[in-house]
Amino acid sequence: MAVDVPLGFVCSHDEDGQRLVLELLPEDFSLRTPGLSSVGRLDKMASGLLLLTQSGPLVHALTSPSRHLPKVRSYIYLHQRQPLAGCASTTMGWLRC
């Protein structure tokens, strides 16, 4: 599943005093076995799209350095679909900057 994570949330399952990404989901998601894992991470001071899955093999396939997959570092969603200088357009209104 894809989750739009606002600023101030961490990807950990247990972080004292921190707001967790799993708190953004309905409570029944936190009770699933196996639990949800993030595909990659967002810094606490970053916001954006984060993928969550119950599939350990999928997380490994998408994040393992041995796969040599390119990392996505910065994307901006265009609410008004106005172009920004220095950004390359992608699908669905996202820009890579």
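The largest nonpolar core of this predicted model has ten residues: Val-3, Val-5, Phe-9, Cys-11, Val-21, Leu-25, Phe-29, Leu-36, Leu-50 and Leu-52. At least two residues of this core come from each of two strands, S1 (2–5) and S5 (48–53). Val-21, one of the core residues, touches Val-5, Phe-9, Val-10, Cys-11, Leu-50 and Leu-52, leaving aside residues up to four places away in sequence.

**Fold and sheet**

The protein has two helices and eight strands. Along the sequence these elements follow the pattern β-β-β-α-β-β-α-β-β-β.

Three strands make up an open sheet in the order S1-S5-S4, with antiparallel pairing. S1 and S4 are the edge strands, each pairing on one side only. On average, neighbouring strands of this sheet are turned by 45° against each other, direction ignored.

S5 is joined to S1 by four bridges in the antiparallel sense. On the other pairing, S5 and strand S4 (residues 37–39) share three bridges, also antiparallel. The table lists bridge partners in S5.

| Residue | Partner in S5 |
|---|---|
| Asp-4 | Leu-49 |
| Val-39 | Leu-51 |

Helix H2 (residues 56–63) lies across S4 and S5. The helix runs at about 25° to S4.

**Surface and contacts**

Of the 97 residues of the protein, 24% count as buried. The protein exposes about 7,200 Å², and carbon and sulfur atoms supply 55% of that area. Among contacts with a separation of 6 or more, 32% are between residues 24 or more positions apart.

**Confidence**

How confident is the prediction, and where is confidence lowest and highest? The protein averages a pLDDT of 76, and 72% of the residues score at least 70. Confidence is lowest in strand S8 (residues 94–96), where the mean is 47. Strand S3 (residues 19–20) has the highest confidence, at 90.

Terms used:
Residues numbered from 1 in each chain as written. Predicted model: local features only at pLDDT ≥ 70, side-chain atom pairs only at ≥ 80, totals over all residues. Heavy atoms only, no water. Core = buried A, V, L, I, M, F, W, Y, C linked by side-chain atoms within 4.5 Å. Buried < 20%, exposed > 50% of the residue type's maximum accessible area, 1.4 Å probe, protein only. Contact = heavy atoms within 4.5 Å. pLDDT = per-residue confidence, 0-100. Pairing = 2+ DSSP bridges. Areas by Shrake-Rupley, 256 points an atom, 1.4 Å probe, with all protein chains shown as cover. Axes fitted to C-alpha atoms, helices over the stretch in contact; angles between N-to-C directions.
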